[in-house]
Amino acid sequence: MKSETLFDVRGLSVLVTGAASGIGFGYAEVMAANGAHVMLTDADAARLDAAVADLRARGGGAAERVTNSVADVTRPETLNTAVAAVLARRGRLDVLFANAGISAGPGFMSAGGTREEASAFERLSLETFDRALAVNLRGALVTMQAAVPAMKRQGSGRIIVTTTISLTRTEPHVSTLYVTSKAALGQLVRQAALELAAYGILVNGIAPGPTITNIGNGRLQDAAAREPFERLNPLHRLATPADLYGAALFLASPASAYVTGAQVVVDGGACLGSTH
Ligand SMILES: NC(=O)c1ccc[n+]([C@@H]2O[C@H](COP(=O)([O-])OP(=O)(O)OC[C@H]3O[C@@H](n4cnc5c(N)ncnc54)[C@H](O)[C@@H]3O)[C@@H](O)[C@H]2O)c1
């Protein structure tokens, strides 16, 4: 079996949420670069325009294969509009990346190894929790709900949810509210995979470790904030969105035809523990 067949995504109809930045933009990039038709969606209209212009300028037919629609995952009707636009254009939706997500502030330990009193357990903000749940958990659910009817009609589909390694792992430098919102997302992936298998729809997660993006106001772009993660990571570096290209291609392509309900962990070995 040749890799170009096994990992072939040419001509697939793909939709990505949170595609204007970071990991979602990386998914859109790798799908478009390999011949898929990609609808980028995001709540941030200006950033979305810039992302789409960037991809369209890359040649190789990308200008015709890349489209966009402003969609906020807290507003189901905007996702329905985006899915309807994909169906009007391509007649089908093969791959959905439910990716949009937000941070919920820093963890209870600072990069310097001291307690962050502002993030102490008793001070965790319920407003922030509601927002994290609305985007990270409910947002993924409504994104999947927007896509499932078309996938059921087709009798096929791939749903790929960006989760995190902190689904199951504790993270002192990451907000308790964030890891809690994402933990439930892990069960959403498993339960949806179980129910939707009968319709030929595969549901999987990509579980990244800390990745340098714009999340949390771009906190991980700062060397000092990255330091504890880098020190503790067995590979001593953080991921960039490019480190997730392979997992995205795998889960979108024939290579993963017998994989559902899984989490593809891409964390440089962070879950193994640390040698420091
Ligand atoms: N960066 C990391 O360390 C890391 C690690 C594990 C998982 N993740 C997850 O990866 C996903 C992508 O995050 P990222 O790190 O690329 O962040 P990012 O901030 O670079 O990109 C997230 C994008 O989502 C968009 N977005 C935010 N709220 C939205 C909403 N309500 N509706 C639609 N779009 C919305 C933002 O405008 C932004 O363009 C998130 O689900 C995040 O939890 C990130």
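Which residues are buried in helix 3?

## Basis of the report

This is a predicted model, in which local features need pLDDT of at least 70 and side-chain atom pairs count only at pLDDT 80 or more, while totals for chains, interfaces and linings use all residues. Residues are numbered from 1 along each chain as its sequence is written, and side-chain values use heavy atoms, with hydrogens and water left out.

## Helix 3

L48, A51, V52 and L55 are buried in helix 3, where buried means under 20% relative accessible area, exposed over 50% and partly exposed in between, with a 1.4 Å probe and protein chains only. These residues cover an arc of only 95° around the axis, which puts them on the same side of helix 3; the arc is that of the directions from the helix axis to the C-beta atoms. Their cover includes helix 2 (22-33), strand 2 (37-42), helix 4 (62-65) and strand 3 (66-70). Helices (H or I, at least four residues) and strands (E, at least two) are DSSP runs, numbered from the N terminus.

At the start of helix 3, the backbone nitrogen of A46 has a side-chain oxygen of D44 within 3.3 Å.

## Residues with positive phi

N217, a residue other than glycine, has a positive phi near 60° and is found in helix 8 (residues 215-218); its relative accessible area is 82%, so N217 is exposed.

H236, also a residue other than glycine, has a positive phi near 55° and lies in the loop between helix 9 (223-232) and helix 10 (245-252). With 40% relative accessibility, H236 counts as partly exposed.

Methods
Contact = heavy atoms within 4.5 Å. Polar contact = N/O pair within 3.5 Å; in protein donor to acceptor, adjacent residues only side chain to side chain.
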